[in-house]
Amino acid sequence: MAIFDDEPRRKPQPHEIGQDLALLSVGELEERIGILRAEIERIEAELQAKGSTKSAAEALFRRG
């Protein structure tokens with residue numbers, strides 16, 4: 001919490017790995033599952049993109 005009004009307020013983290021979940025409602029837990037699934041999809045897409053780039057680079061260097 002900001003002591004003075006001109007201090008920026010921190011946004012609460014949507015989810016923290018290892019966080020105590022006992023105090024969260026069913027709705028909050030479902031919301032967090034959705035957030036985490038979206039993050040997994042984002043990470044998998046980045047992983048796939050990096051794999052494609054790596055494969056293209058390896059193919060290029062094998063030709064030479």
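Modeller: Let's start with a term we will need: a polar contact is a pair of N or O atoms within 3.5 Å, and within protein one must be able to donate a hydrogen and the other to accept it. Keep in mind that this is a predicted model.

Biologist: Thanks! Which side chain makes a polar contact with the side chain of arginine 32?

Modeller: That partner is glutamine 19, with 2.7 Å between the two side chains. Arginine 32 itself lies in helix H1.

Biologist: Which side chain of opposite charge is nearest to arginine 32, and how far away is it?

Modeller: It is glutamate 28, at 6.0 Å. A salt bridge needs a side-chain nitrogen of Lys or Arg within 4 Å of a carboxyl oxygen of Asp or Glu. Arginine 32 has no salt bridge, yet it is buried.

Biologist: How much of the protein chain is buried overall?

Modeller: Buried residues account for 5% of the 64 residues. The accessible surface of the chain is about 6,500 Å², and carbon and sulfur atoms contribute 57% of that.

Biologist: How many salt bridges does the structure hold?

Modeller: There are two. In one, the side chains of glutamate 39 and arginine 42 meet, at 2.7 Å from N to O. Both residues belong to helix H1 and sit three residues apart, about one turn of the helix.

Biologist: Which residue forms a salt bridge with glutamate 46?

Modeller: Lysine 50 does, and the closest N and O atoms of that pair are 3.9 Å apart. The two residues are four apart in helix H1, which means that about one helical turn separates glutamate 46 from lysine 50. Glutamate 46 is partly exposed at 44% relative accessibility, while lysine 50, at 54%, is exposed.

Key:
Residues numbered from 1 in each chain as written. Predicted model: local features only at pLDDT ≥ 70, side-chain atom pairs only at ≥ 80, totals over all residues. Heavy atoms only, no water. Buried < 20%, exposed > 50% of the residue type's maximum accessible area, 1.4 Å probe, protein only. Areas by Shrake-Rupley, 256 points an atom, 1.4 Å probe, with all protein chains shown as cover. Lys, Arg positive; Asp, Glu negative; His and termini not counted.
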